[in-house]
Amino acid sequence: MKITRFETFRVAPRWMFLKIETDEGINGWGEPVLEGRARTIETAVHELCETLVGQDPSRINDHWQTMYRSHFYRGGAVLMSAIAGIDQALWDIKGKSLGVPVYELLGGKVRERMKVYSWVGGDRPADIVGQMEQLLAAGIDTFKLNGCEEMRMLDSPRAVSAAVAKVEKVRELLGDKVDFGLDFHGRVAAPMAKSLLRALEPVRPLFVEEPVLAEQAEYYPRLAASTSIPLAAGERMYSRFEFKKVFEAGGIAIAQPDLSHAGGITECHKIAAMAEAYDVALAPHCPLGPVALAACLQVDMVAHNAQLQEQSMGIHYNKGAELLDYVRNPEDFRIQDGCIAALPRPGLGVEVDEERVRHAAKNAPDWHNPVWRHADGSVAEW
Ligand SMILES: [Mg+2]
């Protein structure tokens with residue numbers, strides 16, 4: 001089998017799909033995107049894919065190593081997201097050509113279904129509780145909320161009180177019926193992280209995500225020592241080589257590599273195994289589209305330490321398209337008792353609705369995250 005051509009499609013809400021074709025009529029799909037940098041990733045994907053045309057798609061390990069190592073400069077969000085989407089498409093082709101789901105090629109399932117969680121947006125407790133109650137009725141009991149709005153490096157205790165009051169109200173109204181993680185989103189700098197974590201302990205969040213930015217990962221062990229809340233991070237770490245330092249330093253209880261940012265299935269499967277050796281749980285990051293989610297679920301099925309899977313149904317970013325709009329087998333992604341069952345189809349397990357994708361790509365959005373500023377005019381982390 002040989003790779004004959006490839007094509008990229010930028011689509012709403014903020015995603016990009018990659019289709020890799022072969023001379024045997026088997027096509028693979030990937031989702032190489034970096035939210036807000038889709039055009040940059042598209043260029044990187046084309047540069048890398050051009051070298052794959054004419055080659056055997058089944059040699060995924062060699063293609064991965066060549067894409068990573070044959071260029072003097074490597075790593076980082078852009079190159080690793082491009083490799084990630086190509087890697088997903090190659091696994092899709094391999095699974096389809098052998099007639100089995102990718103998890104069979106990774107040694108087979110360790111579980112039958114994967115627990116998922118939903119994002120809940122909004123800043124007013126009544127809105128949050130309302131959304132949670134709707135999702136509870138649909139069988140989802142685990143959520144993620146933003147932990148706070150913009151926060152200055154040294155902010156007033158009022159900012160801490162406001163962040164805590166919001167979730168206290170949610171806990172008061174819903175009690176232990178729900179679990180929720182809180183995403184600090186890199187908005188909190190080290191001087192405020194400790195006091196915010198301490199103030200949040202009584203509401204017993206499931207975890208706090210990115211308590212400080214990945215660039216400040218040296219604070220993770222110190223922060224972990226100061227709180228009983230499990231700390232999560234990893235969506236802005238792009239390879240084994242970055243996770244290695246964080247695992248060795250300690251402090252992170254939950255690793256959240258993104259299957260569309262950290263080198264795809266090939267790399268994240270290895271990151272999951274490294275995490276397991278450190279007693280770190282796996283919760284792949286995935287506020288993205290259906291191909292990315294399918295790739296995550298393949299790794300979740302084989303990683304013993306996979307505990308939670310993010311998924312973007314109903315997420316506030318999904319303007320213009322929803323998670324399953326481009327999918328012809330939405331029934332396989334049905335959430336039952338808070339879980340998605342192992343995807344039964346060969347390859348990644350997602351049947352992409354190509355016609356719909358082509359149509360959507362004619363009006364490709366150019367999504368960027370908002371630029372926030374503090375009251376004094378300086379730029380704030382979003
Ligand atoms: Mg996050």
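Threonine 8 has leucine 18, in β2, as its bridge partner. Strand β1 (residues 3-11) and strand β2 (residues 15-22) run antiparallel and are joined by eight bridges; strands count as paired if DSSP finds at least two bridges between them. Three residues lie between β1 and β2 in this hairpin. Strands (E, at least two residues) and helices (H or I, at least four) are DSSP runs, numbered from the N terminus.

This is a predicted model, in which local features need pLDDT of at least 70 and side-chain atom pairs count only at pLDDT 80 or more, while totals for chains, interfaces and linings use all residues. Residues are numbered from 1 along each chain as its sequence is written, and side-chain values use heavy atoms, with hydrogens and water left out.

A pocket is an open set of points on a 1 Å grid over the protein atoms alone, where a 1.4 Å probe fits, with protein on both sides within 12 Å along at least five of seven lines; lining residues have an atom within 4 Å of a point. Volume is the space filled by probe spheres set on the points, which are joined across faces, edges and corners.

| Pocket | Volume | Lining |
|---|---|---|
| Largest | about 790 Å³ | 30 residues |

Nearest the centre of the largest pocket lie Glu35, His185, Arg236, Asn369 and Trp382. Domain 1 (3-100) and domain 2 (104-350) each give at least three residues to this lining; the domain bounds come from an automatic or database assignment.

Elements giving two or more residues to its lining are α7 (190-200) and β15 (379-380).
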